[in-house]
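This report goes through a structure from its charge pairs to its overall fold and surface. Please keep the sequence and the model at hand while reading.

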Amino acid sequence: MQIVVYFLVLAAGMGLSIEAGLLGPLGELVGHFSATLAIFMIGSILLSLIMIFFAKPNLPELFKQPKWLLTGGILGPVYVVFLTIATPIIGVGMTMTSVLLGQIGMSLVIDHYGLLGSAKRGIDPYRLLALVMIVAALWLLS
């Protein structure tokens, strides 16, 4: 089962690069905020349909949760706006490698300190080496 999850996450990562490749030109044509709004509107409609036909919505329970858990809704549009701005300027490869560097760096911090409810996993030399290798990839792509 775990290997299936790895492939799903790999496919999600590939999708992010495709999304960046689509958003950059769209942002240049219609504006970065309009492009981001359009993407989130389409995503909202799609998710609404999925929830109507395949999942039982539990919105009352959602709004009983700690409000800070909903702040991810702020990070999503910020991320997409940054993608639409960066991709036409530095390209999809540099953009996504920079995103990866930020993701891995913050992931190491979150795991190390057990933040956001995650289990503590200390930063060891192998994890640091992985981060250094992503920096090297960024340098090689530039």
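## Charge pairs

A salt bridge is taken here as a side-chain nitrogen of Lys or Arg within 4 Å of a carboxyl oxygen of Asp or Glu. The model is a predicted one, and a search of the whole structure finds two salt bridges in it.

One of them joins E61 and K64, whose closest N and O atoms are 4.0 Å apart. E61 is partly exposed, at 36% relative accessibility, whereas K64 is exposed, with a relative accessible area of 63%.

In the other, the side chains of D111 and R127 meet at 3.4 Å, N to O. Because D111 belongs to helix 4 (residues 72–113) and R127 to helix 5 (residues 125–141), this pair ties together parts that are 16 residues apart in sequence. D111 is buried, its relative accessible area being 17%, while R127, at 27%, is partly exposed.

## Fold and dimensions

The secondary structure of the protein consists of five helices and zero strands, which gives the pattern α-α-α-α-α when read along the sequence. Along the principal axes, the C-alpha atoms fill a box of roughly 45 × 40 × 30 Å.

Among contacts between residues at least 6 apart in sequence, 59% join residues that are at least 24 apart.

Of the 142 residues of the protein, 15% count as buried. The protein exposes about 10400 Å², of which carbon and sulfur atoms supply 77%.

How values were computed:
Residues are numbered from 1 along each chain as its sequence is written. This is a predicted model: local features need pLDDT of at least 70, side-chain atom pairs count only at pLDDT 80 or more; totals for chains, interfaces and linings use all residues. Side-chain values use heavy atoms; hydrogens and water are left out. Helices (H or I, at least four residues) and strands (E, at least two) are DSSP runs, numbered from the N terminus. Buried means under 20% relative accessible area, exposed over 50%, partly exposed in between (1.4 Å probe, protein chains only). Contact means heavy atoms within 4.5 Å. Accessible areas come from the Shrake-Rupley method with a 1.4 Å probe; for residues, only the protein chains shown count as cover.
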